[in-house]
Amino acid sequence: MRYRTDKTGFGEILLKQDTEGFCYGLDAVILADFVSKSLLGGEKVIELGTGNGIIPLILAHKNNDINIVGVELQESAAELAEENVERNNLKERITIINKDIRNLSDEFWERFDVVCCNPPYFKKGTGMISENDAKMVARHETTADISDFLKYSEKLLVAEGELLMVHRPERLVDIFESARKIGLKPKQMRMIKPYIDKPANLVLVKMKKGRGRGLKIMSDMIVREKSGKYSEEILEIYEKSDKKILSFTKN
């Protein structure tokens, strides 16, 4: 069966996924929580590379008074995101746009308080290559690269607006070098470890457009206890749901 519908555990949110495409993982859930906790209320939020729309759906569940735009390059994924938005009765709060982030019109510039993204982790020609085109685009910089995501995030943000992203620790040098060139200032960084005694395999970063100096290093987030069970923090992020927690990962 190519398509399936999952209970996400976030309220009554249901998500239709393409099993031959790219299914969301813990990194998307962690990013959504990171963004949600940074919102004060009333912000305009845009996600670059929204996939099937999971992050806007979680944000809409966690924050009642925000409007969200999701931009997705792949037509099939954008159609799936639109279907998920409609299925969950969130069309008044979530808008899906099927476009390359590099082709957004200037009507979007300086309109958003928050940009979030979960960009492809691997440089073109590196990492494990997938024969599936959808998975290849999601995992590898086949079109926009990390500098593009940062460049267009800066254009989309209002003054003092924030960019929040999840990525791989090994790409931090690329991220910070590119950010510095375009005027995005790193403000927070948090390493994500699969276990307390294992190296981090993900990192959360918050940047600010315009003024601001000083990078705050937050305590590490530990995904699993030694027993293999999710940590208390991860369970809290999932709102301690006793429903099925999806465990797909981007690797």
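## Lysine 193 and aspartate 220

Lysine 193 and aspartate 220 form a salt bridge, with their closest N and O atoms 3.3 Å apart; the term stands for a side-chain nitrogen of Lys or Arg within 4 Å of a carboxyl oxygen of Asp or Glu. Because lysine 193 lies in strand 8 (residues 184-193) and aspartate 220 in the loop between strand 10 (216-217) and strand 11 (221-222), the pair ties together parts that are 27 residues apart in sequence. Helices (H or I, at least four residues) and strands (E, at least two) are DSSP runs, numbered from the N terminus. Aspartate 220 is partly exposed, its relative accessible area being 35%. Buried means under 20% relative accessible area, exposed over 50%, and partly exposed in between (1.4 Å probe, protein chains only).

## Basis of the model

The model is predicted: local features need pLDDT of at least 70, side-chain atom pairs count only at pLDDT 80 or more, and totals for chains, interfaces and linings use all residues. Residues are numbered from 1 along each chain as its sequence is written, and side-chain values use heavy atoms, with hydrogens and water left out.

## Other salt bridges

The whole structure holds 16 salt bridges.

Glutamate 110 pairs with lysine 209 in a salt bridge (3.8 Å, N to O). Glutamate 110 lies in the loop between strand 5 (94-98) and strand 6 (112-117) and lysine 209 in strand 9 (residues 202-209), so this pair ties together parts that are 99 residues apart in sequence. Glutamate 110 is exposed at 55% relative accessibility, whereas lysine 209 is buried at 11%. A salt bridge also links aspartate 6 to arginine 4 (2.8 Å, N to O); aspartate 6 is buried, at 8% relative accessibility.

## Surface charge

Glu75, Glu79, Glu82 and Glu86 make up a surface patch of negative charge. Patches consist of residues with over 30% relative accessible area and no salt bridge, with like charges joined within 9 Å and nonpolar side chains (Val, Leu, Ile, Met, Phe, Trp, Tyr) within 5 Å. Glutamate 75 belongs to helix 3 (residues 75-87).

## Cysteines

The structure contains 0 disulfides, a disulfide being a pair of cysteine sulfur atoms within 2.5 Å. The cysteine sulfur closest to that of cysteine 116 belongs to cysteine 117, and at 7.2 Å it is too far for a bond. Both residues are buried: cysteine 116 has a relative accessible area of 0%, and cysteine 117 one of 1%.

Key
Accessible areas come from the Shrake-Rupley method with a 1.4 Å probe; for residues, only the protein chains shown count as cover. Lys and Arg count as positive and Asp and Glu as negative; His and the chain ends are not counted. The place of a charge is taken as NZ of Lys, CZ of Arg, CG of Asp or CD of Glu.
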